Amino acid sequence: MTHRIILFRGMNTGGVRAPVGEQREMAEAMGLKNPRTLQASGNLVVESNMATDALETAIEKAMQDRFGLTIAALARTPGQWAKLVAANPFPKEAAAHPAKVVAMVMKDGIRPGAVEACRALAAGGEAVEAVDDVLYFWFPNGQGESAIFKKATPRMLGMGTGRNWNTVLKLAEMAGAKT
């Protein structure tokens with residue numbers, strides 16, 4: 001068995017709620033081992049031999065069955081997560097201000113033109129870079145007032161979910177990703 005990092009898109013936003021204890025119970029009922037959650041924001045680490053795409057499908061079905069939630073799940077292996085960490089194009093910013101660097105993991109890739117659209121919205125030193133299926137954002141003034149954050153929808157970017165660098169590193173540690 002190996003670890004899998006599971007990210008839920010939009011958990012604890014807009015009325016989307018699934019208590020973390022019940023998420024862990026759901027994972028155990030699915031036969032996933034050692035389920036652990038990080039914060040109450042849609043982060044689950046389990047042990048499983050399932051392929052990531054099969055795990056995503058199974059988790060999405062279980063979330064619908066147990067909680068009545070139609071929610072996207074994105075699963076990554078420790079190796080994929082370590083690659084995500086290593087590819088960060090903003091390492092100095094992440095070291096100095098980890099809450100202001102965001103990695104947005106995409107479910108089915110980044111839409112064509114997404115990076116350019118975000119760059120057109122960038123202000124005050126904001127930056128965005130794409131590496132493989134991850135969009136990396138630098139928000140020097142935080143996300144709250146960013147036009148990128150306010151206007152970058154799945155229609156513009158593709159389906160994904162973002163985590164700040166603190167969370168990225170904590171998930172890496174939980175899953176034993178070699179970073």
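Me: Which residue caps the N-terminal end of H8?

Reply: Since this is a predicted model, what follows describes computed coordinates. A side-chain oxygen lies 2.9 Å from the backbone nitrogen of asparagine 166, and a polar contact requires a pair of N or O atoms within 3.5 Å. The residue that contributes this oxygen, and that caps the N-terminal end of H8, is asparagine 164.

Me: Which residue follows H8, and what is its phi?

Reply: Helix H8 covers residues 165–175, and among its buried residues are Val168, Leu171 and Met174. The residue that follows H8 has a positive phi, near 70°, and is glycine 176.

Me: How many aromatic pairs does a search of the whole structure find, and is the pair of tyrosine 136 and tryptophan 165 stacked, edge-to-face or tilted?

Reply: The search of the whole structure finds two aromatic pairs. In the pair of tyrosine 136 and tryptophan 165, the ring centres are 6.5 Å apart and the planes stand at 50°. Stacked would need planes under 30 degrees apart and edge-to-face over 60, so the pair of tyrosine 136 and tryptophan 165, at 50°, is tilted.

Me: Which elements does this pair link, and how many residues apart are tyrosine 136 and tryptophan 165?

Reply: Tyrosine 136 belongs to strand E7, residues 134–138, whereas tryptophan 165 belongs to helix H8. The pair thus links distant parts of the chain, E7 and H8, with its two residues 29 residues apart.

Me: Are tyrosine 136 and tryptophan 165 buried or exposed?

Reply: The cut-off for buried is a relative accessible area under 20%. Tyrosine 136 has a relative accessible area of 1%, and tryptophan 165 has 5%, so tyrosine 136 and tryptophan 165 count as buried.

Me: What angle lies between the ring planes of phenylalanine 137 and phenylalanine 139?

Reply: Phenylalanine 137 is buried at 3% relative accessible area, and phenylalanine 139 is buried at 3% as well. Their rings form an aromatic pair with a centre-to-centre distance of 5.6 Å, and this pair is stacked, with an angle between the planes of 10°.

Me: Where is aspartate 132 found, and is this residue buried or exposed?

Reply: Aspartate 132 has a positive phi, near 55°, although it is a residue other than glycine. It is found in the loop between strand E6 and E7. Because exposed means over 50% relative accessible area, aspartate 132, at 57%, counts as exposed.

Me: What is the phi of asparagine 34?

Reply: Asparagine 34 lies in strand E2, residues 33–37, and at 39% relative accessibility it counts as partly exposed. Its phi is positive in a residue other than glycine, with a value near 50°.

Technical notes
Residues are numbered from 1 along each chain as its sequence is written. This is a predicted model: local features need pLDDT of at least 70, side-chain atom pairs count only at pLDDT 80 or more; totals for chains, interfaces and linings use all residues. Side-chain values use heavy atoms; hydrogens and water are left out. Rings of Phe, Tyr and Trp (its six-membered ring) pair if their centres lie within 6.5 Å; planes under 30 degrees apart count as stacked, over 60 as edge-to-face and the rest as tilted. Helices (H or I, at least four residues) and strands (E, at least two) are DSSP runs, numbered from the N terminus. Buried means under 20% relative accessible area, exposed over 50%, partly exposed in between (1.4 Å probe, protein chains only). A polar contact is a pair of N or O atoms within 3.5 Å; within protein, one must be able to donate a hydrogen and the other to accept it, and residues adjacent in sequence count only if both atoms are side-chain atoms.
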